[in-house]
Amino acid sequence: MLNESYREKGLRQQLVNEIKKKGITDLRIIDAIGKIPRHLFMDSAFVNFAYVDKAFPIGSGQTISQPYTVAFQTELLDIKKGDKVLEIGTGSGYQTAVLMELGAKVFTIERQRELFLKAQRFLPKLGYNPQFFYGDGYLGKPTYGPFDKILITAGAPEVPPVLLEQLTIGGYMVIPFGITEQTMLRITKTSESEYNEEQFGTFCFVPLLKGTAND
Ligand code: SAH
């Protein structure tokens with residue numbers, strides 16, 4: 001790996017211990033967090049905090065999600081090798097890397113041009129090659145769907161109906177739902193027109209916004 005040192009490996013092991021303590025049990029996710037060099041996804045000003053279990057600024061007013069939150073959302077998605085996953089909010093690309101470590105085929109959308117360009121340049125250097133899209137994730141990617149899983153990594157004021165249409169039957173959408181704080185929802189598509197909803201506690205995300213930042 002690039003720029004890897006014993007120091008970073010040691011710090012990453014502490015982070016792994018912390019997310020285990022907070023209740024993450026899926027060993028594949030724990031291995032992914034233990035392997036992915038989060039410090040390389042961070043802004044240089046925050047690089048010393050890369051293995052602290054918190055969200056940090058990544059530019060364009062956005063944040064890299066807290067590792068525990070990334071692990072929690074990934075656990076809810078129950079990723080199987082080869083799953084087609086649509087991710088809304090590429091951000092730093094860290095969550096994308098975790099999904100790809102689990103063998104998902106990832107289609108990821110970002111509305112901030114700078115972040116989209118940065119992730120598109122950077123992730124392949126680590127060997128991650130998702131399909132990157134610049135645009136409004138509210139609309140999904142109907143021509144690439146349906147998707148086995150849809151992950152929203154920003155706080156959504158509504159559940160976009162267009163995205164539910166792009167789920168396979170039996171597929172999951174994991175979406176932090178709410179404005180000032182969010183309830184984590186897992187929505188299962190049980191038939192062409194029916195859904196089941198489960199709730200998993202409260203989280204805090206940057207908002208899911210319509211259009212692109214350059215509109
Ligand atoms: N998974 C990312 C999280 C980044 S924060 C990481 O760990 O780095 C959420 C991201 O969602 C931000 O980058 C924000 O710009 C993006 N976002 C918000 N609304 C969006 C939309 N409608 N379409 C695509 N991306 C969106």
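Predicted model: local features only at pLDDT ≥ 70, side-chain atom pairs only at ≥ 80, totals over all residues.
Me: Where is the place of Q112?
Reply: Residues are numbered from 1 along each chain as its sequence is written, and side-chain values use heavy atoms, without hydrogens and water. Helices (H or I, at least four residues) and strands (E, at least two) are DSSP runs numbered from the N terminus. Q112 sits in the loop between β4 (105-110) and α5 (113-122).

Me: Is Q112 buried or exposed?
Reply: Buried means under 20% relative accessible area, exposed over 50%, partly exposed in between (1.4 Å probe, protein chains only). Q112 has 14% relative accessibility, so Q112 is buried.

Me: Which residues does Q112 touch, not counting those up to four places away in sequence?
Reply: Contact means heavy atoms within 4.5 Å. With residues up to four places away in sequence left out, Q112 touches S60, Q62, Y134 and A213.

Me: Which helices do the buried residues of α2 pack against?
Reply: In α2 (residues 27-35), I29, I30, A32 and I33 are buried. They cover an arc (of directions from the helix axis to the C-beta atoms) of only 160°, so they lie on the same side of α2. On the other side, L27 and D31 are exposed. The buried residues pack against α1 (6-21), α3 and α4.

Me: Which residues of α4 meet α3?
Reply: The axes of α3 (residues 67-77) and α4 (residues 94-101) come within 10 Å and cross at roughly 40°. In α3, V70, Q73, T74 and L77 take part, and they meet α4 residues Y94, Q95, V98 and L99.

Conventions:
Axes fitted to C-alpha atoms, helices over the stretch in contact; angles between N-to-C directions.
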